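Welcome, and thanks for taking a look at this one with me. Here are a few notes to read alongside the model.

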Amino acid sequence: MTTQERLIETYRKKAKRYDITSRLYPAPGYPQRTQRLRAVHALGLRPGDTVVDMACGTGLNFPLLEKVVGPGGRIVGVDLTDAMLARAQDRVKTNGWTNVSLVQADAADFDFPAGVNAILSTYAMTQVPECAEVIAHGARALSGGGRWVVLDLKVPGSTPGWLAQLGTAAVRPFAAIDEWIMRRPWEAIRAAMQEELDDPSWTELSGGTAFLAAGSSRPNEGAQPGT
Ligand SMILES: C[S@@+](CC[C@H](N)C(=O)[O-])C[C@H]1O[C@@H](n2cnc3c(N)ncnc32)[C@H](O)[C@@H]1O
């Protein structure tokens, strides 16, 4: 079984109860909602904007995004796992939103629509081995001044290896925790954001257990709609 197949299998099992179990993610009382609000705020969205939610899962960010883009805006939710997208579709239907498109795709292969105003990814990009390429592809698709924002978990700088392993055992879905800690994917994300975007910012949250990485598209690289 490939890593991608294992990941899909894991999230198929989690999908049904994800909205409840994720409230305990990565630990009970963790300020996940506050972090999400910060991430959405960092997108600088305005009514009528188009935003891609990369690895959107069940669409927990959608209500926050809807509030800022409004009915005249557009949300494109992308995820690898069919069952997670099915839950996202339920959410769209329940809320009567008509401006959300859902796409089943691997982030690594996703063809970002040109001229999007913002791209968000929450609690997912450190699971994507090709995260640097995904950030580069997204940066090229952003409209002039468009924003890329990544929120995800990390291991705090001063944490001993064994403690990091214990702490992340709860959140990493399969036996790749060692690999995740060793690979330190948040560093690749930070480097890619610095490489690809203007005014890159990096903020450690909740004692260094999470990060918010953000940046704007370079003025001369802003894609035009339809190009
Ligand atoms: C922890 S969940 C986060 C979901 C959502 N972003 C949130 O904040 O609740 C991780 C999601 O990433 C998706 N995912 C993992 N690797 C992916 C990839 N390579 N391409 C697209 N989606 C991916 C999984 O299917 C899952 O829905």
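**Notes for a first look**

1. Let's begin with helix 1, which covers residues 3-15: glutamate 9 and lysine 13 both belong to this helix and sit 4 residues apart, about one turn of the helix. Please keep in mind as you read that the model is predicted.

2. How do the side chains of glutamate 9 and lysine 13 meet? They form a salt bridge, with a distance of 3.7 Å from N to O. The count of salt bridges comes to 8.

3. Now turn to the ligand, which is surrounded by 21 residues. The closest of these are Tyr18, Ala55, Asp79, Thr81 and Thr122. Sorted by type, the shell around the ligand has 14 nonpolar, 4 polar and 3 charged residues.

4. For alanine 55, a polar backbone atom lies 2.7 Å from a ligand nitrogen atom. For threonine 81, an N or O atom of the side chain is 2.6 Å from an oxygen atom of the ligand.

5. The space that the ligand takes up is the largest pocket.

Notes
Residues numbered from 1 in each chain as written. Predicted model: local features only at pLDDT ≥ 70, side-chain atom pairs only at ≥ 80, totals over all residues. Heavy atoms only, no water. Near = heavy atom within 4 Å. Polar contact = N/O pair within 3.5 Å; in protein donor to acceptor, adjacent residues only side chain to side chain. 1 Å grid on protein atoms, 1.4 Å probe; cavity = no way out; pocket = protein on both sides within 12 Å on 5 of 7 lines; lining within 4 Å. Sits in = over half its atoms within 2 Å of the grid points. Nonpolar A, V, L, I, M, F, W, Y, C, P; charged D, E, K, R; others polar. Salt bridge = Lys/Arg side-chain N within 4 Å of Asp/Glu carboxyl O. Helix = DSSP H or I, 4+ residues; strand = E, 2+ residues; numbered from the N terminus.
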